[in-house]
Amino acid sequence: MSVAAVGIGSNLGDRFANLVAAAVGLGAESLLAGVSSVYETAPVGGPEQGPFLNAVVIIETATPARALLHAMLNIERARDRKRLVRWGPRSLDLDLLIFDAATIDLPGLTVPHPRLLERRFVVEPLLEVWPDAVLPDGTLVAGVGVEGDEPLGVYPFPSVSSPLRGGGSAVGR
Ligand code: ADP
Ligand code: MG
């Protein structure tokens, strides 16, 4: 089994429902080992757009990294993700942040995610669920000072057993 950290974000449509769909989708593929709080954050870069909701999910998975990315892109598509403008508004974005101690540099898949340490809206939820997260080169994520705006708000990750979805599940808190 491998351990992976996946960043999820949404700033279009029902943002909370999109994050829940990401957790449910990842849970169908892998074991959910941790789900962070939801951080509302101002958009960084790209065109003018609404605030994001961001979270990080830790999974234990038997799926290889490339197949996992493929599954992640399918989860995005199922939420009607369109790629119109780089860094533009999106219903759902899943980023493979860390995959074991793997360094991957393939067309279409770079791990660790190249912008991980630059993004407070990724580092903060990651450290919440995985305080000891370490990169393949030995960098302790917690030891890297990350700049960026304070979150606009921090909310509990919605429980999937709430009326949003109906049936009981181990996702969320
Ligand atoms: P961003 O996530 O930087 O805002 P996009 O989601 O539009 O940008 O870009 C996604 C593309 O980046 C995907 O088509 C995917 O092939 C590629 N990619 C490369 N490395 C990764 C990774 N670690 N996680 C997710 N996507 C990645
Ligand atoms: Mg992405």
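Two residues are taken to be in contact if their C-beta atoms, placed from the backbone, lie within 7 Å. In this predicted model, helix H1 (residues 15-29) meets helix H2 (residues 65-78) through Ala 21, Ala 22, Gly 25 and Glu 29 on the H1 side and through Ala 71, Ile 75 and Ala 78 on the H2 side. By class, the residues of this contact are five nonpolar, one polar and one charged. The axes of the two helices come within 10 Å and cross at roughly 145°, and the crossing of H1 and H2 is right-handed.

The largest nonpolar core has 40 residues. Those that touch the most other members are Ala 5, Val 6, Ala 22, Ala 55, Val 57, Leu 96 and Leu 126. At least two residues of this core are supplied by each of strand S1 (2-10), H1, strand S3 (38-41), strand S4 (52-61), H2, strand S5 (93-99) and helix H3 (120-129). Strand S4 gives the largest share, seven residues. In soluble globular proteins, nonpolar side chains tend to be buried together.

Val 56 counts as buried because it has 29 C-beta neighbours inside 10 Å, where 20 or more are required. A separation of 8.9 Å is found between the C-alpha atoms of Val 56 and Val 123, which lie 67 residues apart along the chain.

In helix H3, the buried residues are Phe 121, Val 122, Val 123, Glu 124, Pro 125 and Leu 126. The elements covering these buried residues include S1, S3, S4 and S5.

The shell around ligand 1 consists of Leu 69, Arg 83, Trp 87, Asp 93, Asp 95, Leu 96, Gly 108, Leu 109, Thr 110, Val 111 and His 113. Two or more of these residues come from S5, and likewise from strand S7 (109-111). The shell has five nonpolar, three polar and three charged residues.

Pro 112 lies in the loop between S7 and H3.

Positive phi values occur at two aspartates. For Asp 80, in the loop between H2 and S5, phi is near 65°. Asp 80 is exposed because 12 other C-beta atoms lie within 10 Å, and the limit for exposed is 12 or fewer. Asp 100, placed in the loop between S5 and strand S6 (104-106), has a phi of about 45°. With 13 other C-beta atoms within 10 Å, Asp 100 is therefore partly exposed.

Note on methods: Residues numbered from 1 in each chain as written. Chains lettered and ligands numbered in written order. Predicted model: local features only at pLDDT ≥ 70, side-chain atom pairs only at ≥ 80, totals over all residues. Axes fitted to C-alpha atoms, helices over the stretch in contact; angles between N-to-C directions. Helix = DSSP H or I, 4+ residues; strand = E, 2+ residues; numbered from the N terminus. Left-handed = near helix turned anticlockwise from the far one by under 90°. Nonpolar A, V, L, I, M, F, W, Y, C, P; charged D, E, K, R; others polar. Core = buried A, V, L, I, M, F, W, Y, C linked by C-beta atoms within 7 Å. Near = placed C-beta within 6 Å.
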